[in-house]
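Please look through the structure shown here before reading the points that follow. They are meant to be read with the model open beside them.

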Amino acid sequence: MIEIVIEDRCTGCGDCVDACPSDVLEVDARGKARIARQADCQTCLLCELHCPTDALFVWPDYEAPVGITAEQALASGQLGAFRRDSGWGEHAATHSNQHWRMGSIFERARLQAIEIAARKSVQAEETVR
Ligand code: SF4
Ligand code: SF4
């Protein structure tokens, strides 16, 4: 699940907002990305792939946030690691694409997205009644 945006690194480009399939992220009035709907995160890591400044930190637990701080994310050495190891963007020349390793996580994310959509549909119907 998306855990944190490192604000000092964020340029407000909006690439993560465009990439997120679940509308989790927004760029706020200060020009910084913020996590607006964390519970909707599918843990797909697309935001990490698309962030050009390695400002986002997604933890592999897809069920609940674990509360990782900016300090912990920076100290982990993992910021940008997924983008790099996926051979994405500027890393394409130096790293082979290892994106296939995410297959099981993407499958869980897909099932969770279906579950979330069904839950929202039921809630919308109940609101109409
Ligand atoms: S991990 Fe996927 S669903 Fe979660 S915020 Fe990033 S792009 Fe959105
Ligand atoms: S992609 Fe990265 S730099 Fe751009 S708005 Fe999102 S977090 Fe900020």
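1. A word on the source is needed before the details. This is a predicted model, in which local features need pLDDT of at least 70 and side-chain atom pairs count only at pLDDT 80 or more, while totals for chains, interfaces and linings use all residues. Residues are numbered from 1 along each chain as its sequence is written, and chains are lettered from A and ligands numbered from 1 in the order in which they are written.

2. On overall form, the C-alpha atoms of the protein chain fill a box of roughly 55 × 35 × 25 Å along the principal axes. The radius of gyration of the protein chain is 15 Å, which agrees with the value near 14 Å that a compact globule of 129 residues would have; this radius is taken over C-alpha atoms, and the globule rule is 2.2 Å times the number of residues to the power 0.38.

3. Buried residues make up 22% of the 129 residues in the protein chain. A residue is buried if 20 or more other C-beta atoms, placed from the backbone, lie within 10 Å of its own, exposed if 12 or fewer, and partly exposed in between.

4. The largest nonpolar core has 22 residues, and those with the most contacts inside it are I2, C16, L25, C47, L56, F57 and V58. The elements that give two or more residues to this core are β1 (2–5) and β4 (56–58). Such a core is a set of buried Ala, Val, Leu, Ile, Met, Phe, Trp, Tyr and Cys residues joined through C-beta atoms within 7 Å.

5. Which residues does I2 touch, leaving aside those up to four places away in sequence? They are V24, I35, Q38, C41, C47, L56 and V58, where a contact means that two C-beta atoms, placed from the backbone, lie within 7 Å. I2 is found in strand β1 and counts as buried because 26 other C-beta atoms lie within 10 Å.

6. Of the 15 residues around ligand 1, C20, V24, C41, C44 and C47 come nearest, whereas C10, C13, C16, A33 and C51 are the closest of the 15 residues that surround ligand 2. A residue is near a molecule if its C-beta atom, placed from the backbone, lies within 6 Å of it. By class, the shell of ligand 1 has twelve nonpolar, three polar and no charged residues, and that of ligand 2 has nine nonpolar, five polar and one charged residues.

7. Is α5 largely buried or in the open? Of its 26 residues the number buried is one, so α5 lies largely in the open. T127, which lies in α5 (residues 103–128), counts as exposed because it has 7 C-beta neighbours inside 10 Å.

8. D23, in the loop between α1 (15–19) and β2 (25–27), has a positive phi near 55 degrees, and T43, in the loop between β3 (33–35) and α2 (46–50), has a positive phi of about 60 degrees. D23 is exposed, with 10 other C-beta atoms within 10 Å, while T43, with 19 C-beta neighbours inside 10 Å, counts as partly exposed.

Terms used. Nonpolar A, V, L, I, M, F, W, Y, C, P; charged D, E, K, R; others polar. Helix = DSSP H or I, 4+ residues; strand = E, 2+ residues; numbered from the N terminus.
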